[in-house]
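Work through these exercises with the sequence and the model side by side. Try each task before reading its solution.

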Amino acid sequence: RLLSGEETVVTRDLVLRDGERRPVEIHSNNIRLDEENAVLLYMRDISERLETERTLRRLGRRQEAVLERERERISREVHDVLGQALTAIRMDVSWVRSHIDDERSPDRLDEAGERINETIETVRRIAHELRPGMLDDFGLSAAIEWHANQFANRTGIAVRVAVGDSPSLDRDLSTTVFRVFQELLTNVARHAEASEVDVSLTAPGDNLVLSVRDDGRGMDLSNVTDSGSLGITGVRERLIPWGGRLDLASQPGDGLRADVIVPLTNQHEEVEQ
Ligand SMILES: Nc1ncnc2c1ncn2[C@@H]1O[C@H](COP(=O)(O)OP(=O)(O)OP(=O)(O)O)[C@@H](O)[C@H]1O
Ligand SMILES: [Mg+2]
């Protein structure tokens, strides 16, 4: 193939002196050099590229798995919680129907009313989890405050929130930052053993900065890219199209600080690129 003159690219494992194998791409090209035919060969280490491709494939699979788990959870909630509540209400109603003059009927109706209120709450909550309407109606700051409160109620971890008015943001960017926030809080609940979390959303200069700081056990940052966990990798992937980044600072035993920084200039151009 070399002699045929066509440009060729082959991928091989290169074995280094210490026995380590490195995937390489070998390019060859026929050229003229000092009036002579010559072959230009060059070799490129592609281990990083392959690693990135593997990570992207894992992310894709994980995203599918996460979606599927979400669907299962929602279907369970709709079936168990809503189904059960509505059945109970129907039973209350038919009881009252057949005891229309019974003195217990008003109580039974009150109970049914209570259940209806609870059910309305549940429907609201499920709808919010699917797409926090607050993001569209009141913006990122309100959605972050709302989610922080939900989180505090659910986990018992105190959350202090300091958010100013968020600048008017692109809808997709708001969604991205909100999903990142959800992942960071989920990590606090799952890993940090924290008792307090400080959240702030500010817009210094031309940046949007979301900080989530917990007082938990912190982490060894050299393990972040270990295979298996994709939450933080996923957060970083989400921020790339916006030119944003995630900075982590921690010492074991000393809590974790996560800063999400997204430049606000040229938002749209960044995405198109
Ligand atoms: N707030 C935190 N405090 C302490 N350790 C943390 C915190 N956040 C993350 N970690 C550590 O970093 C690791 C990587 O987090 P990451 O979100 O990427 O994965 P994960 O939460 O384990 O799994 P998932 O892929 O479901 O998110 C965690 O396994 C945990 O050990
Ligand atoms: Mg996680």
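**Exercise 1.** How are Glu 183 and Asn 187 separated in helix α5 (residues 171-192)?

Solution. This is a predicted model: local features need pLDDT of at least 70, side-chain atom pairs count only at pLDDT 80 or more, and totals for chains, interfaces and linings use all residues. Residues are numbered from 1 along each chain as its sequence is written, chains are lettered from A and ligands numbered from 1 in the order written, and side-chain values use heavy atoms, without hydrogens and water.

- Step 1. Find both residues in α5; they are four residues apart, so about one helical turn separates them. Helices (H or I, at least four residues) and strands (E, at least two) are DSSP runs, numbered from the N terminus.
- Step 2. Recall the general rule: an α-helix has 3.6 residues a turn, so residues three or four places apart point the same way.
- Step 3. Look for the ligand. Glu 183 (OE) and Asn 187 (OD1) coordinate the magnesium ion (ligand 2), at 2.1 to 2.2 Å. Donors are N, O and S atoms within 2.8 Å of the metal (3.2 Å for Na, K and Ca); water is not among the atoms, so sites may look incomplete.

**Exercise 2.** Are Glu 183 and Asn 187 buried or exposed?

Solution.

- Step 1. Set the cut-offs: buried is under 20% relative accessible area, exposed over 50%, partly exposed in between (1.4 Å probe, protein chains only).
- Step 2. Glu 183 has 18%, so it is buried.
- Step 3. Asn 187 has 17%, so it is buried.

**Exercise 3.** At what angle do helix α1 (residues 47-98) and helix α6 (residues 231-239) pack?

Solution.

- Step 1. The angle is about 100 degrees, and the axes lie 11 Å apart. Axes are lines fitted to C-alpha atoms, for helices over the stretch in contact; angles run from 0 to 180 degrees between N-to-C directions.
- Step 2. Classify the angle. Under 35 degrees is roughly parallel, over 145 roughly antiparallel, 65 to 115 roughly perpendicular, and the rest oblique. Therefore α1 is roughly perpendicular to α6.
- Step 3. List the contacts (heavy atoms within 4.5 Å). Thr 55, Leu 56, Leu 59 and Arg 62 of α1 meet Gly 231, Thr 233, Gly 234 and Glu 237 of α6.

**Exercise 4.** Where does Asp 34 lie?

Solution.

- Step 1. Asp 34 sits in the loop between β2 (21-33) and β3 (36-45).
- Step 2. Its phi is positive, near 50 degrees, in a residue other than glycine.
- Step 3. Asp 34 has a relative accessible area of 71%, so it is exposed.
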